[in-house]
Amino acid sequence: MAWNKKQMGFASVVLLGINGVIGGGLFLLPSTLYEQGGNLTILAIILAGIAATLIAMHYAVMSSKIDDDGGAWTYTYQAFGRFPGFLVGWFGWLFGVITISAESAAFLKTLSGIVPIVAQPFIYNTLTITIMAILIIINLFGTGISSYVDDVASLIKILVIAAVFIAVATWLALGQADNITMTHTPQVTNFSGAFGNAFYMFTGFSLIPIAAKEMKNPGKMLPRAILTVMLVTTAIFVLMQLVAVTVLGTSLVHSSLPVADIIGTIMGRPGRTVIITGMTLSIIGVAIANSFNSPIELASMASEHGFLPAKLAITNKFGAPVLAILVTMTIAGGLLLSGSYLFLIKLIVLSDFMQYLGTIFSSLKLRHDDSLPKGYQLPGGKWLTYLTLIVVAYLFTTFSLMTVLVGIGFGILGAGVYYWNLKQQPHNY
């Protein structure tokens, strides 16, 4: 969304945060969560919300001390220096790249609900290449439409969620749920997996501090706003899961498009088609918005601190960083072709994992730095930080070996590019 500098009030920040947190996972993951978590699914969502809130509180601490744009990498840069700051920023860019891939995968999966041929490998791969080509073309003409796309996608998302809740409330009020039984709930098969997938749905909170400079009083506003966002989004995720179980029962486990199937049960095929259409527009809007933001983040690492080769920051006559766009979309397209939606969301959590560590350790390092404002103080002080580190350590156990290896490989690649660039431009030390 577009905001004027220093014009974002509390309500605007909260809406920005809610919009950033709620993505395609809300529409697609209730069935996976139910299959893995069984009768403990709601607990997994609540615990994931608590875990995300603990991490978010450290973002609140750091944003109240450092109000520069950039979030986690900015905090790490000030606390630990150039390379750690770069590495966190590098994974922050990866977060955006994978989000483009994951939301595009969610778009194609949702579209297959009304156009089944999309699921066929040749058609899927062809559409993947087409989507990335379209995103490249749009980006090359500058970011002028990014705010409009984000606003439209946000509005559609809100309308879809509201339509589902209103339809279910009406359905229940009319007594149409008498045949629904909550017995025979599937057993817990993979609670850690359910927790990890539920946690993915909250990862967007880390984007809130990035716009700190555009807020009226970030030191006071962000802590309250982040906590409010986490409470509201946790309530929405829990409510959607309860709605899905109530309407679909144990058949939820077999649903590939659970939110669409909720409406299909209540309103039939026409209603399901309308909801799927809204879901596809909302999801692809998120992918488009990230396709604008991620290349700019890559270009800024090249231009502001010389972390990366200067060529990545070169823009065309429309102000678009051409090479950064091509690199971003090429990697996003490759990930989309090679990874499933569930694999991609695990990579998203892993890429954010590095930002969490950077922020948490920065809060410890700068806790008593007299050159910074006192800022927001954690309830429980450093002991809450230690608890958060335990939570983050548990989160790490939810990653597969393949996910960890991909993360290590990406980190090694980033380090290689960073040190190669320093050799080319030694003044960047």
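Mentor: Let us begin with residue classes: Ala, Val, Leu, Ile, Met, Phe, Trp, Tyr, Cys and Pro count as nonpolar, Asp, Glu, Lys and Arg count as charged, and the others, Gly among them, count as polar. Please keep in mind that this is a predicted model.

Trainee: How do you know how the lining of the largest cavity divides into nonpolar, polar and charged residues?

Mentor: The lining consists of Val61, Lys65, Ser363, Leu364, Arg367, Tyr376, Gln377, Leu378, Gly381, Lys382 and Thr385. Val, Leu and Tyr belong to the nonpolar class, while Lys and Arg belong to the charged one, and the division comes to four nonpolar, four polar and three charged residues. The space in this cavity is about 110 Å³, and helix H4 (41-65), helix H13 (341-365) and helix H14 (382-396) each contribute at least two residues to its lining.

Trainee: What makes up the lining of the second largest cavity, by class?

Mentor: Its lining has eight nonpolar residues, one polar residue and no charged residues. The residues are Leu26, Leu29, Pro30, Leu33, Ile45, Met201, Phe237, Met240 and Gln241, and Gln falls among the others that count as polar. The volume of this cavity is about 40 Å³, and a search of the whole structure finds two cavities of 30 Å³ or more. Helix H3 (30-37) and helix H10 (218-248) each supply at least two lining residues, with H10 giving the most, three residues.

Trainee: Why is H3 called largely enclosed by the rest of the structure?

Mentor: A residue is buried when its relative accessible area is under 20%, and seven of the eight residues of H3 are buried, so the helix is largely enclosed by the rest of the structure. The buried residues are Pro30, Ser31, Thr32, Leu33, Tyr34, Gln36 and Gly37. After H3 comes Gly38, which has a positive phi near 55 degrees.

Trainee: Why is Leu47 called partly exposed?

Mentor: Partly exposed lies between the buried limit of under 20% and the exposed limit of over 50%, and Leu47 has 34% relative accessibility, so Leu47 counts as partly exposed. Leu47 sits in helix H4, and together with Leu40, Leu43, Ile46, Ile50 and Val188 it forms a nonpolar surface patch with about 430 Å² of accessible area.

Trainee: How do you know that the side chains of Asp261 and Arg272 meet in a salt bridge?

Mentor: The cut-off is a side-chain nitrogen of Lys or Arg within 4 Å of a carboxyl oxygen of Asp or Glu, and the N to O distance between Arg272 and Asp261 is 2.9 Å, so the pair is a salt bridge. Side chains of opposite charge can pair when their charged atoms come close. Both Asp261 and Arg272 are buried, and a search of the whole structure finds one salt bridge.

Methods: Residues are numbered from 1 along each chain as its sequence is written. This is a predicted model: local features need pLDDT of at least 70, side-chain atom pairs count only at pLDDT 80 or more; totals for chains, interfaces and linings use all residues. Side-chain values use heavy atoms; hydrogens and water are left out. On a 1 Å grid over the protein atoms alone, a cavity is a set of points where a 1.4 Å probe fits but cannot get out, and a pocket is an open set with protein on both sides within 12 Å along at least five of seven lines; lining residues have an atom within 4 Å of a point. Grid points are joined across faces, edges and corners, and a volume is the space filled by probe spheres set on the points. Helices (H or I, at least four residues) and strands (E, at least two) are DSSP runs, numbered from the N terminus. Buried means under 20% relative accessible area, exposed over 50%, partly exposed in between (1.4 Å probe, protein chains only). Patches are made of residues with over 30% relative accessible area and no salt bridge: like charges are joined within 9 Å, nonpolar side chains (Val, Leu, Ile, Met, Phe, Trp, Tyr) within 5 Å. Accessible areas come from the Shrake-Rupley method with a 1.4 Å probe; for residues, only the protein chains shown count as cover.
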